[in-house]
Amino acid sequence: MPSKYRSPVMDRRSFVKIVTASLGSMMAAIVGLPVIQYFISPALGKTGSDDWISLGSLDNFPFDLPTLFNFNITQVNGWERSSMSYGAFVLRKEGQDPIVFSDVCTHLSCRVNWDEENKEFHCPCHNAFFDANGEVVSGPPPRPLDQYEIRLDGDQLFIHLTEG
Amino acid sequence: MAENVFSWLDERLGLKAIYDTILDRKVPKVNWWFTLGSASLFLGLMQGITGMLLSVYYVPTPDHAYDSITFIMTGVQFGWLIRGIHHWGASLLILTAFIHMLRVFFYGAYKYPREFTWITGVGLLISALGMGFTGYLLPWNQRSYWATTVGSEIAGTVPWVGDFILRTLRGGTNLSALTLSRFFSLHIWIFPAIILATVGTHLYLVIRLGISHIPDKDS
């Protein structure tokens, strides 16, 4: 090639390399950034619920015995309608408003059971124990059992389910 | 710093030798028709990447396939883009691969010692058509359902073994959940594995033998 066509700055090879690398990076970014959105967008969507759930008459729940109430909520996850199951322990005491515990262990979200013999909630996953008031007796949970906000309408009991 | 890291790696991995062999190899004077192999490779890689991404949401069962694709198109951000690239890239890949084949044919580039490269190329074209045939069913809409009905029916017209082929394709007498799941398996595992191995052989041969020059008056 005659020298008058030669660039003083770079040779042909380095020019081609730089152009290839920058075009390649641009194309990778144009495809790559939407991919991140593609992955995380379902995580950002609101699937939560904010409902008052009726637990029926207070008379269904005996005094001083945490009693499990199961209920299902239908949610749409992606393309599927699925029924999510929840459990709530209702504890009534004479002359006091009832307390309603979530049955979700505060450690890693297994479900706790009421052990009537020892008067304790027991989580089988990592051997956690809570007393009848939901306080941690032993095991790994970082805090007492969560309580639902309640509302009394005559003798009808409602709990406030918020999620997401 | 970067240079030190590179030379440390190069000394152990021989990166420069790989680069020289693959990208700095000697080629005769060629024209734009010679870019179609690389174009097909690039499109194939894009199909692989977008396909993996689609499998994040797609479910190959009759009760969820259509809904999961509707969700990809409307419920996931940029889902339309990922599926669009996969959809249009599929047709474009067949086109580039086919024109690539015509170039090799008309320039006589399939001749000695490159016959086996041609044979692997034929295998790749057939596998790509297999990918197209199996992928077409996956949306599980009316078009895919009837296209597969007709396609497997055509395979069923083969003398003597036709009925066997038809049943094997469908996983039974009828188009069913079994058909969908076996087409899915072929589409994401079996054909890709075959294609990966064959592309490897194809590229190895291109690099080992070099590419032939455009025929001149003497040849």
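Modeller: Welcome! A residue counts as buried if 20 or more other C-beta atoms lie within 10 Å of its own, as exposed if 12 or fewer do, and as partly exposed in between; the C-beta atoms are placed from the backbone. This is a predicted model, in which local features need pLDDT of at least 70, side-chain atom pairs count only at pLDDT 80 or more, and totals for chains, interfaces and linings use all residues. Residues are numbered from 1 along each chain as its sequence is written, while chains are lettered from A and ligands numbered from 1 in the order in which they are written.

Biologist: Thank you! How many of the residues of chain B, in percent, count as buried?

Modeller: The C-alpha atoms of chain B fill a box of roughly 55 × 55 × 30 Å along the principal axes. Of the 219 residues in chain B, the part that counts as buried is 22%.

Biologist: How many helices and strands are there in chain B?

Modeller: Helices (H or I, at least four residues) and strands (E, at least two) are DSSP runs, numbered from the N terminus. Along the sequence, chain B reads α-α-α-α-α-α-α-α-α. The count for chain B is 9 helices and 0 strands.

Biologist: How far apart are the end C-alpha atoms of helix α6 of chain B?

Modeller: The expected span of a helix is 1.5 Å times one less than its number of residues. Helix α6 of chain B (residues 115-137) has 23 residues, so it should span 33 Å. The separation in the model agrees with this: 34 Å.

Biologist: Which peptide bond is cis?

Modeller: Most residues other than glycine have a negative phi, and most peptide bonds are trans. Look in the loop between α5 and α6 of chain B, where B:P113 is placed. With omega near 5°, the cis bond runs from B:Y112 to B:P113.

Biologist: Let's turn to chain A. How far apart do the C-alpha centres of domain 1 and domain 2 of chain A lie?

Modeller: Domain bounds come from an automatic or database domain assignment. Domain 1 of chain A covers 3-44 and domain 2 covers 50-162. The distance between their C-alpha centres is 56 Å.

Biologist: Which strand of chain A pairs with β10(A) over 5 bridges?

Modeller: Two strands pair if DSSP finds at least two bridges between them. Strand β10 (residues 156-162) of chain A pairs with β1 (residues 50-57) of chain A in the antiparallel sense over 7 bridges, and there A:S54 has A:F158 as its bridge partner. In the hairpin of β9(A) and β10(A), with 2 residues between the strands, A:G154 takes a positive phi near 65°. The antiparallel partner over 5 bridges, residues 149-153, is β9(A).

Biologist: By what angle are neighbouring strands turned against each other in the open sheet β2-β3-β4 of chain A?

Modeller: This open sheet of 3 strands has antiparallel pairing. Its edge strands, each pairing on one side only, are β2 (67-77) and β4 (99-102) of chain A.

Biologist: Is A:D64 buried or exposed?

Modeller: A:D64 is found in the loop between β1 and β2 of chain A. Its phi is near 60°, a positive value in a residue other than glycine. Because A:D64 has 10 C-beta neighbours inside 10 Å, it counts as exposed.

Biologist: How many residues of chain B are in contact with chain A?

Modeller: Nonpolar residues are Ala, Val, Leu, Ile, Met, Phe, Trp, Tyr, Cys and Pro, charged ones are Asp, Glu, Lys and Arg, and the others, Gly among them, are polar. Chain A brings 9 residues into contact with 14 residues of chain B. The chain A side divides into 6 nonpolar, 3 polar and no charged residues. On the chain B side, the number in contact is 14.

Definitions and conventions:
Contact = placed C-beta atoms within 7 Å.
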